[in-house]
Amino acid sequence: MKAAYFQDGKVHVGEMPEPTPGKGQALVRTHSCGLCASDVHFLHAGQNIIDLSRRLGGPYAALDFARPFVPGHEFVGEVIDYGPGSKRTVKAGRKVTSVPIMRQDGAHKVIGYSHECPGGFGELMLLDEEIMIEVPSDLNDDYAAMVEPMAVGFEHARRGNPTKDDVALVIGCGAIGLGVIARLKLMGIAPIVAADFHPGRRELAIKAGAHIAVDPREISPYAPLPDFGNRQVNLIYECVGQKGMLQRIIEAAPFDGRIVMGGYCMDEEPLFVFAAQNKRLNVQFAGGEEPQDMELALRSIAEGKIDVTPWLGARVGLSGVEKTLAEMSGPLAPVRTVVDPRML
């Protein structure tokens, strides 16, 4: 099959072996896949994650950075067939998406970060039939590809256990931060403060449901809010994934504040623990989405409760993956570019 793949920290385009489904596995033809900032992080720092998994155990331990593997975990595709003995939970020809995890045969693999389970940057994928979700046939493929990143934001939002008494701050208004804001809005949390360097992302934050969006270089997001009775943020969502962010948040957070770490930093993070202890801070580490988050995100997008149209930029073929990943952090980059692996 044709695919864009990673090998030794570089992006390549070429032929990769077609995956063969086993029991409980669906063979899926990819229609659309979002390019995520975590793909960029892994391209440059993935060996750190592999080494850590090998030392402590984890699903990345079997990944060899020197061998080709096909990333892509924000996908929608069409069921083609199943492996022998499968339940065939979704009919062939129907569209599906999924949490990017494979759990069949006692394995625990991350789709897109496995040599056996290629991701959506390739024409064909294997999905776990127990957790894949059918997508409405009339839902635009690119919208459907946004379900996974939206669901990650949903998971992060609920990990903070927000209440009506909280003032939430979302730092970083990429796809995950926007997903957090959208979920907080659905939960009735107010006010929501957003912080991002880029004016375009701040505008998207307001559209997603934030009440205030600031450039943290100009206005402290931790300052009292005159329009909201001088209340201050106490529930802080980190959605950047940059080394040093946690320590900076700890230094700025209020006494008894709560911090949800959602950004994926793949470098070691220095931390002055006493600074957090001194304020009695609670730090919650968020992870990936769960099926409940995927289902709610899919319904929210399909029913028009959340509009992901402003997220989407160009649609590229496999030859556009390398350039798109290189430009993702630029101020004019869209929240998401999607790749169609059927296009070269």
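**Rings in a predicted model**

Okay, let's start with R217, which lies over the face of F197, 4.4 Å from the ring centre. "Over" here asks for NZ of Lys or CZ of Arg within 6 Å of the ring centre and within 35 degrees of the ring normal. R183 lies over the face of F154 too, at 5.8 Å from the ring centre.

Some housekeeping. This is a predicted model, where local features need pLDDT of at least 70 and side-chain atom pairs count only at pLDDT 80 or more, while totals for chains, interfaces and linings use all residues. Residues are numbered from 1 along each chain as its sequence is written, and side-chain values use heavy atoms, with hydrogens and water left out.

Now, how many aromatic pairs does the structure hold? Nine. Rings of Phe, Tyr and Trp (its six-membered ring) pair if their centres lie within 6.5 Å; planes under 30 degrees apart are stacked, over 60 edge-to-face, and the rest tilted. Take F42 and Y113: they're tilted, 4.4 Å centre to centre with 45° between the planes. F42 sits in helix α1 (residues 37-56) and Y113 in the loop between β7 (109-110) and β8 (124-128), so this pair ties together parts 71 residues apart in sequence. Helices (H or I, at least four residues) and strands (E, at least two) are DSSP runs, numbered from the N terminus.

Buried or exposed? F42 is buried, at 1% relative accessible area, and Y113 is buried at 5%. Buried means under 20%, exposed over 50%, partly exposed in between (1.4 Å probe, protein chains only).

F65 and F69 are both buried as well. Finally, F6, F42, Y60, F65, F69 and Y113 form one aromatic cluster.
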